[in-house]
Amino acid sequence: MQPRNMSMSGVVDLAAVKAAQEAKAKAEQARAEAARQGGGGAVSPADLVIDVDEAGFERDVLQRSAEVPVVIDFWAEWCEPCKQLSPLLERLAVEYAGRFMLAKIDVDANQMLMQQFGVQGIPAVFAVVAGQALPLFQGAAGEAQIRETLDQLVAVAEQRFGLTGLTVDPDAQPGSAQAAPAAPAGPYDALLEAAVQALDAGDFGGAVQAYKNVLSEDPANMEAKLGLAQAELLQRVQGVDPQQVRKDAAEKPADVQAQIAAADLDLVGGHVEDAFGRLIETVQRTVGDDRDTVRIRLLELFEVVGGEDPRVAAARRALARALF
């Protein structure tokens, strides 16, 4: 077993696209069932803090992160800062009342997980949302900073993945929560699933059309917007020669299409800031239609990464300075 999708930072990942859509669907089903039953499927406060090992990581963290953000606390008995941080995280998990779960991992007993997450020292805190991991902070941190980080995590989980957390009942017995029955499929679930299947099969044109079909009926559908931007990006880079693209971009800094093609490759490779920076520099060097072409592509790449990503906000400010 190995943690997968180790970033929530906007790197294009077909598994992440599918996980986001499945997570949102599960969250909507849970909310619908809870509303129908008057709050069914509740967990006890004790269920919000769990000890996790390598054997249970897939079930207790990756699978559970499709329902609720899971914060991971890497700790050890000999770690003095951990003795202050861990109780604080446990208290906040209960106080946040199901908006996230806390998974505690003893690094001495789970060296493989520590290595797979790239933990260099403890305490170290990560989060996993819809199967994707995000480093939160390492070392000692104040309560105000931790609260701010958790608030951002909860907001991203809800806005991007539709996860609103778990229902907590103080009177529930630990481990007594029942999974909510599936709610009826939404009006676009079949089309969205068809798009994901097309992505998995490498049929990016089919995925693009499926997402467009959803948006023609529901222009505000966020899953379709995100999926379309990613499918179009993957379609553009399909079959290109990366070495030739980068050679052209290096030799022709004034060539708009060469810079756009290189920015697409940058983003697919996870080099988000490089992609943004390349296009912002190209905007600064161009005028008229060329400038507008680059600006439009940059806005499309913003859609791929997601508007809540801080790198998008920084790049939007840099773009505004370049334009005005």
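This is a predicted model: local features need pLDDT of at least 70, side-chain atom pairs count only at pLDDT 80 or more; totals for chains, interfaces and linings use all residues.
Accessible areas here come from the Shrake-Rupley method with a 1.4 Å probe, and for residues only the protein chains shown count as cover. With that I looked up the total for the protein: about 15,500 Å², of which 51% belongs to carbon and sulfur atoms.

Residues are numbered from 1 along each chain as its sequence is written, and side-chain values use heavy atoms, with hydrogens and water left out.

I checked burial next (buried: under 20% relative accessible area, 1.4 Å probe, protein chains only). Of the 324 residues, 46% are buried.

I then looked up secondary structure (DSSP runs, helices H or I of at least four residues, strands E of at least two, numbered from the N terminus). The protein has 13 helices and five strands.

Entry on strand S4, residues 124-129. Six of its six residues are buried, so S4 is largely enclosed by the rest of the structure. Ala124, Phe126 and Val128 point one way, while Val125, Ala127 and Val129 point the other way.

I looked up its pairing (at least two DSSP bridges between two strands). S4 pairs in the antiparallel sense with S2 (residues 70-75) over five bridges, and Phe74 has Ala124 as its bridge partner. S4 also pairs in the antiparallel sense with S5 (residues 132-138), over six bridges; here Val128 is partnered by Ala133. Two residues lie between the strands in the S4 and S5 hairpin, where Ala130 takes a positive phi near 50 degrees.

Conventions:
Buried means under 20% relative accessible area, exposed over 50%, partly exposed in between (1.4 Å probe, protein chains only).
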